[in-house]
Amino acid sequence: MATTITAPPVKNIHEKQRESGFYRVTHSYFFQKIWKALFTAWVVVTLTFFLIRLLPSNPVELFIQDLMVQYGMPYHEAQDQAAALFSIDLNQPLWGQYLDYMWGLLHGDMGTSILSPGTPVTSIIMRFLPWTIFSVGIALMISFTLGIILGLFMAYRREGLLDHILTVMASILSSIPNYILGILLIIFLGVRWGLISVASMRGTLSPGVEPGFTLEFFKDALYHAALPILTYVLTTIGSWMLTMKSSTIGVLEEDYVTVAKAKGLKEGRITSSYVGRNASLPMFTLLTIAIGFVVGGSVLIETIFQYQGIGYILLQSVNKRDYTVMQGVFLVITLAVIIANFFADILYSWLDPRIKLGKQE
Amino acid sequence: MSNESQLIWKHEAGSGTPLSLRNVHIIYGARKGDVQAVRGVDLDLRAGESIALIGESGSGKTTLGLGIVRLLVKSADISQGEIIYRRNGTEVNVLDLDKKELREFRWKECSMVFQSALNAFNPVLRVWDQMRDTAQSHGWKDKKAIRQRSLDLLGFVQLDAERVIDAYPHELSGGMRQRVLIALSLLLDPQVLILDEPTTALDILTQRTIIDLLRKLKEEQHFTMIFISHDLAIAAELADRIATMYAGRIVELGSADDIFYRPRHPYTLGLIRAVPKVVGGFQELFSIPGSPPDLIDLPSGCKFHPRCPYATDKCKTEEPDLVTVGREHEAACWHWREVEEELQTNPLHSV
Amino acid sequence: MGSVFLGAVQSMGATLRIMSYNKVGFTGFIAVMLILFMSFIGPFFVPLDTETKVDQIYQTPSAEHWMGTDHQGRDIFSQIVNGGKDVIIVAVVAGALSTFIAVTFGTLAGFAGGRIDAFVVSVTDIVLTIPQLPLLLVLAALIKLNNIVYLGIILGALGWPALLRAVRSQALSLKQRDFVEAARALDLGTTHIIFREIVPNMMTYIIISFALAMTGAIYAQVALVLFGLVPFSGSNWGVMLSLAWVRGAIYFKDSIWYIMMPVAAIVILQLSVVTMTRSLELVFNPRLRSGE
């Protein structure tokens, strides 16, 4: 292999310190990621505002018309009621409404539910969000960790029998839509084979169990979250395994792995600190896509298993046209993904020292 | 560790033979057939000397280097031969070592400086971590002592030790990394050092500093080195003896002076003639016709005959062995005397 | 004319032979072809059974009903045959649009670099962050999505970001290759370089992107139908699944065929499209062939 390797420009350590402190802070990876997260959040908020306020058939107008037609309310009265529910002053010009809306959001004011009058959207969200974070969080951790370990294993045993079996399984699992896998789990585990009692696993907690730092609570919470978690894990682990496998195969050919062997390092140390750590780095950039996919998928999975998390509420509010709740839940789901991505980015930069220097790529 | 206090063990020149290769064959399994990368190499490495292995890519020199520490890829197999390693009167065949013994043997007895130091370091670990895990894997417990020795060695290779030790590899330039790798290779005070194209990936000025450093190792510390290169000039500068490899065999072996001024194998002669000279202005540059042989389907007889200007029918059928052509000078050619005559009429390096 | 036809057949034969080098991929390709044949030609031979037959509810497969009957005694096989067309049309429309966006802007960003690249990358990152399914739900609440082409366009308009990322990084690595550098040195113009030098070399990637975009669209559209957000009429695998689900068919032992058939159809379609890419890779990337 006569590849010519040109030496990179000397990144002199002294040079780095010459840059001013302020520049370095504002242009650091960390701050770049914060700007990016804030900017994305702003775009999403604005988009949501336009969806509810500017579309020809936007929910505010729909709601006003509904009141006028169904209850014979005069336009002004209907408009006032809509304004109260959506927490927007409809007499203002549009940009005023936009600013109002933003201001309200900053104070956690997302209006009131249309269907359960008097219930602030924020309180609905606070009630259901933790369960989604709990189930999705655990599922992502399990599938990510397990996927990395299995992928590493497959790369070490590549072309072996187990590798072939796992590869086929991973390919099949990653092409089954998650909601279909959920349905299959209910049909086979619950109905056909009677291994589990699907009915008693519905909901987030059994009746009578109070949230708190008790073993009983955690056991019950896990019991109810088990099916959604199993579904998320099974449908995402395949792509982790396959990506990790190919990434590991690449790293195994790197010179530094040969050098590590030449240095007489112990096998375990090479696998963990040299192969595993480097091979798993690209996985963190994929985490962004996975988080969005799993959180988005929670809408379907929670509905199938009747697990009352934020996704379940979103589908409910969409079906019942509870626009204020729908809008609030959508925003929160998206913000949750933005925040999760931010932490994934930070974790990545912590694991890959090359990132910290400044610009990525 | 008996020599901890000393930076580098002062190797005694010319005492014993730490490494001997006996009839080493290395084969790569490939889809189309076996690749015969190394075919019956015999070589004795004397204490304190440095041997250069030179040849084109595909001549088997890097394979041989990796084979000595058994770092070949899975598809490769050392099918025959012995790699004898000696220290303090004991003798082991490296090929007989089990996994654990082999792990302990590597780096402590025989360390290796790789071709591309750019990629030789784990990008996510600091230099210090990579020094430490090497020492700890070989039973060093005292972190302070490891750090002190690492700093000393980094200083020895003329780096700003305090800064470099806590740097990540990407914060260092190519030349700096190559020097860190040399420092790292000395960490456990090995008896033999294998250098695989240690300067190839570097720019010309950085090459110079690395060569100077290696010469210092050789001249002041009498380090025992195997030096793999395709660059004859560097080999001539750093090596006591030079072995020319072609198609997996050593075709000529002799002192650096003999090889450089009095080559007896047409292939060595071709390599020397192919080197452009800095002095002397414009001259016709010689190149060896043809291309390196197909290692799966080797030519019959002398493997060099399809490219050799001296080839006769004998060369096509019988492969020559190494024969003595001078004092401590061997070549594997039926026509080495003709090469000698040719050099008398048309000498090399006529300035 | 005859020779042109013969040539086309011959080159098709050669293509098929190349594709058959990868057994798994070729199986996927055959399966995709069978599904296409069944969904677009099949309906002419197997008309949709719409007649309610109260005495034939939830029957198991028989010579008369190959896949049994549903909750109204209708033939399931006829529903499977007739239910694929819409799913595939939506997937193709969405896949084509996503791929077009991803390839055009991905190569542009990767090749142009600088501000254009930064802009495309930020837009992609933002769209990538917004979870697709919740956004689709919200959109479904606000606009009617009952036209299949319209649905395909919306799915396609949302499904490109992950592909664009992949295409861009591919373009970045292609940009460094010699032939592109040569074209740039000759000053052949950006359009020429993108469409003549980069895109052809990315054919494998584009095909795989298209397949993946299609599977993404199948996933999203069946979800929307299953949860009653897209009021589809007629027969559609998603509608079948939705009806079976809403009717609680999963809790009846006899109804297993009614729910498993559309499940099988959707999963097999997804799997075949994904595995087919392995064979298509061989066709568009000659370098992969020589190794085997």
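This is a predicted model: local features need pLDDT of at least 70, side-chain atom pairs count only at pLDDT 80 or more; totals for chains, interfaces and linings use all residues.

User: What makes the contact of B:Asp129 with B:Arg132 a salt bridge?

Analyst: The closest N and O atoms of B:Asp129 and B:Arg132 are 3.0 Å apart. A salt bridge requires a side-chain nitrogen of Lys or Arg within 4 Å of a carboxyl oxygen of Asp or Glu, so the label applies. In general, side chains of opposite charge can pair when their charged atoms come close.

User: How are B:Asp129 and B:Arg132 placed relative to each other in helix α3 of chain B?

Analyst: They are 3 residues apart in this helix, which spans residues 127-137, and about one helical turn therefore separates them.

User: Why is B:Asp129 called buried, and why is B:Arg132 called buried?

Analyst: Buried means under 20% relative accessible area. B:Asp129 has a relative accessibility of 17% and therefore counts as buried. B:Arg132, at 18%, counts as buried as well.

User: How do you know that B:Lys316 and B:Asp313 form a salt bridge?

Analyst: Their side chains meet at 3.9 Å, N to O. The limit is 4 Å, so the pair qualifies. Both residues lie in helix α11 (residues 313-317) of chain B, 3 residues apart, about one turn of the helix.

User: Which accessibility labels do B:Lys316 and B:Asp313 receive, and why?

Analyst: Exposed means over 50%, and partly exposed lies between that value and 20%. B:Asp313 has a relative accessible area of 59%, so B:Asp313 is exposed. B:Lys316 has 41% and is therefore partly exposed.

User: What makes B:Arg163 and B:Asp160 a salt bridge, and how accessible are B:Arg163 and B:Asp160?

Analyst: The N to O distance between their side chains is 3.3 Å, and a salt bridge needs a distance within 4 Å. B:Arg163, at 33% relative accessibility, counts as partly exposed; B:Asp160, at 41%, counts as partly exposed too.

User: How many salt bridges does the structure hold over all chains?

Analyst: The structure holds 32 salt bridges over all chains.

User: Which residues make the nonpolar surface patch, and why is C:Leu36 called partly exposed?

Analyst: The patch of about 750 Å² is made by C:Met33, C:Leu36, C:Phe37, C:Phe40, C:Ile41, C:Phe44 and C:Phe45. Its largest share, 4 residues, comes from α2(C), the helix in which C:Leu36 lies. C:Leu36 has 31% relative accessibility and therefore counts as partly exposed. Patch residues need over 30% relative accessible area, so this value passes that cut-off.

Technical notes. Residues are numbered from 1 along each chain as its sequence is written. Chains are lettered from A and ligands numbered from 1 in the order in which they are written. Side-chain values use heavy atoms; hydrogens and water are left out. Patches are made of residues with over 30% relative accessible area and no salt bridge: like charges are joined within 9 Å, nonpolar side chains (Val, Leu, Ile, Met, Phe, Trp, Tyr) within 5 Å. Accessible areas come from the Shrake-Rupley method with a 1.4 Å probe; for residues, only the protein chains shown count as cover. Helices (H or I, at least four residues) and strands (E, at least two) are DSSP runs, numbered from the N terminus. Buried means under 20% relative accessible area, exposed over 50%, partly exposed in between (1.4 Å probe, protein chains only).
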